[in-house]
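Let's take a walk through this model together, starting with its ligand and ending with a stretch named in a database record.

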Amino acid sequence: MMESFDAVVIGSGQGGNPLAKSMAKHGWKTAVIERRYAGGTCVNDGCTPSKTIDASARVAYLARRGADFGVHTGEIRIDMAEIYARKQKMVLTSRENNAKGLTTDPNSSLLMGQASFAEKQPGDGTHLLDLAMNDGTSRQISAARIFLNTGERPHIPEEIDGLRDVPYLDSTSIMELQTVPGHLVVIGAGYIALEFAQMFLRFGATVTVLERGERLAPHEDDDVAECLRGILTEDGIRIITCSAVSRVHGSGQELKLDIVTDDGPQTLDATHVLVATGRSPNVEPLHLDRAGIAQSKSGHIQVNEKLETTAANIWALGDVKGGPAFTHVSYDDFRILRDNLLAKGQRSTRDRLLTYAMFTDPELARVGLSEAEAKKQGREVRIAQIPMKWMARAQEMDEPRGMMKALVDPKTNLILGATVLGVEGGEVAAQIQIAIMGGLPYTALREGIFAHPTKSEALNTLFTTFRDGKE
Ligand SMILES: Cc1cc2nc3c(=O)[nH]c(=O)nc-3n(C[C@H](O)[C@H](O)[C@H](O)COP(=O)(O)OP(=O)(O)OC[C@H]3O[C@@H](n4cnc5c(N)ncnc54)[C@H](O)[C@@H]3O)c2cc1C
Ligand SMILES: NC(=O)c1ccc[n+]([C@@H]2O[C@H](COP(=O)([O-])OP(=O)(O)OC[C@H]3O[C@@H](n4cnc5c(N)ncnc54)[C@H](O)[C@@H]3O)[C@@H](O)[C@H]2O)c1
C-alpha cells in the first residue's frame, strides 16, 4: 500500500532539515527525501568543506609571514592530501549528525532517493511523488504538504566553446584536489571564485581570475570592491576584468583559454580551470509543471513572501526559490514556515535584514544597506568611514588592510547598513547588526565602552568619522 505523509521535504538542505524536525516534533508524520548526502550543499559541498580548507590556507599564510612577527619557521610544505583528509573528516561528522537528527524522532524519516511529482496528481489538495531510490528501487508516496528545498548546483556557461570537453573544476571538485595546481585560472569573480583563488594562492598555486564584468564583487560599493582588488592583487592574484572567455581547449593539465580583453585577444595557459560563474536551481527532475508550480525567469521556484508556491500546500525554501543564496537565509526560511504553519504566525521574508560575509582574508562583510543602494533609492544618508589601519588591534596583529563604512539616517540617527572589509570583518559587522536589530542610534556605538584593544572598539572611531565632518 502507498505510504502517506503529513509533510514531505524534498532536499536535505539548511532550511528543510530543521523544518522536518520541528514538524515531526509537532506530531506530523514527516519524511525528508535526499538524493545525495544528508546536510545538503552547505555541509557537503559548501560552507563546511570550504571554510575547513580555508583554515589550512590561513595557517599557510601566517606560517609564511612568521618572520614579520619575529617567528622564524623552516620551509613550508603543503600536503593537499592531509588538508583534504582534515576537511573530509569534518564533512563526514557533520553529514552523519544531520542524518541522525532526521531519524531520531519516530515521526521522522530520511529516504535516500530522487523525488519527482508523479504524472497524475490526485486533485484533492494532496500530492503524489515518485521516488527513484538510491538502492535502485522505486516507490510512490503521497503527502498533504510538500516543501521544496532542492538547492542549486554550479552553473557551467554554455557560451564558452570547448569548456565541457576539458577537465574543468567546479566548487565541488576543486575540494577533492590532492595536489596544488601549477596555474589555476578562475572564471568568475564572485564569492566562490575569490575564496578559492586566495586559498589556492596560499597553497602555492599561481592564480589568475577572469571576470567578465568591470569589477569584482558587483554587489558592493565601488570603493569597497577597489579596496578588495588592491588586497588580492597585492597578495599576488592576477585579476583581469572585462574579460570574456571564448574558448577553452587542450587536455589534462595543459589547458588553454582564449580570452578577449580591453587589450585585445589573448591566450592563457593553465594547469587547472575553476568555473565559478554562479549557480543554477535544482528543479529539472521535479517536474514542477505536473503540480502547477510556476518558475521565475531564472528558473527558480516562484514564491510569495510567505514562501508559498503557486500550488496549494507546496512551499519552497532556500536557494531554489532564488534571491540571496546563503545558509542563514535558508535557515530563516525555516523559521518563517515553522511559525506560520505550526504556531499560527504571520512571518514573511519582507524587510528581512540581510547580512553575509565573503570569506576572503580579510573578510568582506555586509549588513543592510550599501551606499550604492541608498543612492539608487534616493535616500539621504550620512556616511561614516575609516581605513582598517585606524583599528589598534589590526595594527598590533599586522593585519591593517581594508576599510569600514556605515550608513546612518540623518533624521533618526539609526544605522541603516555597514560594510566591513577587514580582519574578522564578519564578527565586527555582526556587532553593528545587533545595534540595527536593537534599534540603537549610532551614538550608542560611538559612546559605547568596548574592551581595549578589541576589534569592536573601532566602532567608537568609525562613528566619530563622518564624511560631513560632524560627529
Ligand atoms: C563552495 C561554497 C561555499 C559556500 N559558502 C557559504 C558560506 O560560507 N556561507 C553561507 O551562508 N553560504 C555559503 N554557501 C551557500 C550555501 O551552501 C547555500 O546557500 C545553502 O547550502 C543553501 O541551502 P538550501 O537549504 O537551499 O539547500 P542545499 O543545502 O543546497 O540542499 C539541497 C539538497 O537537495 C537535494 N536535492 C536536489 N534535488 C533533489 C530531488 N529531486 N530529490 C531529492 N533530493 C534533491 C540535493 O542533493 C541537496 O542535498 C556556499 C556554497 C558553496 C557552493
Ligand atoms: N561566503 C559565502 O557566504 C559564500 C561562499 C560561496 C558561495 N556562496 C553563495 O553561492 C553563490 C554562488 O557563488 P558564485 O561565486 O558562483 O556566484 P556569484 O554570482 O557570486 O558570482 C559569479 C561571478 O561570475 C561572473 N561571471 C559569470 N559568467 C562569467 C563568464 N562567462 N566569464 C567571466 N565571469 C563570469 C559574474 O559576473 C559574477 O561576478 C553566491 O551568490 C553565494 O550566495 C556564498
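This is a predicted model: local features need pLDDT of at least 70, side-chain atom pairs count only at pLDDT 80 or more; totals for chains, interfaces and linings use all residues.

Residues are numbered from 1 along each chain as its sequence is written, chains are lettered from A and ligands numbered from 1 in the order in which they are written, and side-chain values use heavy atoms, with hydrogens and water left out.

Start at ligand 1. Of the 38 residues around it, Glu-34, Thr-41, Asn-149, Asp-319 and Ser-330 come nearest; a residue belongs here if one of its heavy atoms lies within 4 Å. A polar side-chain atom of Ser-330 sits 2.6 Å from an oxygen atom of ligand 1, and one of Asn-149 is 2.8 Å from an oxygen atom of ligand 1. Taken alone, ligand 1 exposes 1000 Å², of which the protein buries 94% (Shrake-Rupley method, 1.4 Å probe).

Now look at Met-90 in helix 4, residues 80–101 (helices are DSSP runs of H or I, at least four residues, numbered from the N terminus). Met-90 counts as partly exposed because its relative accessibility is 37%, between the 20% under which a residue is buried and the 50% over which it is exposed (1.4 Å probe, protein chains only). Leaving aside residues up to four places away in sequence, Met-90 touches Thr-48 and Thr-52, with contact meaning heavy atoms within 4.5 Å.

Finally, UniProt, in an unreviewed entry, places the feature "domain: Pyridine nucleotide-disulphide oxidoreductase dimerisation" at residues 357–461.

Definitions and conventions
Helices (H or I, at least four residues) and strands (E, at least two) are DSSP runs, numbered from the N terminus. UniProt positions are given in the numbering used here, feature names are shortened, and annotations may be inferred rather than shown by experiment. A polar contact is a pair of N or O atoms within 3.5 Å; within protein, one must be able to donate a hydrogen and the other to accept it, and residues adjacent in sequence count only if both atoms are side-chain atoms.
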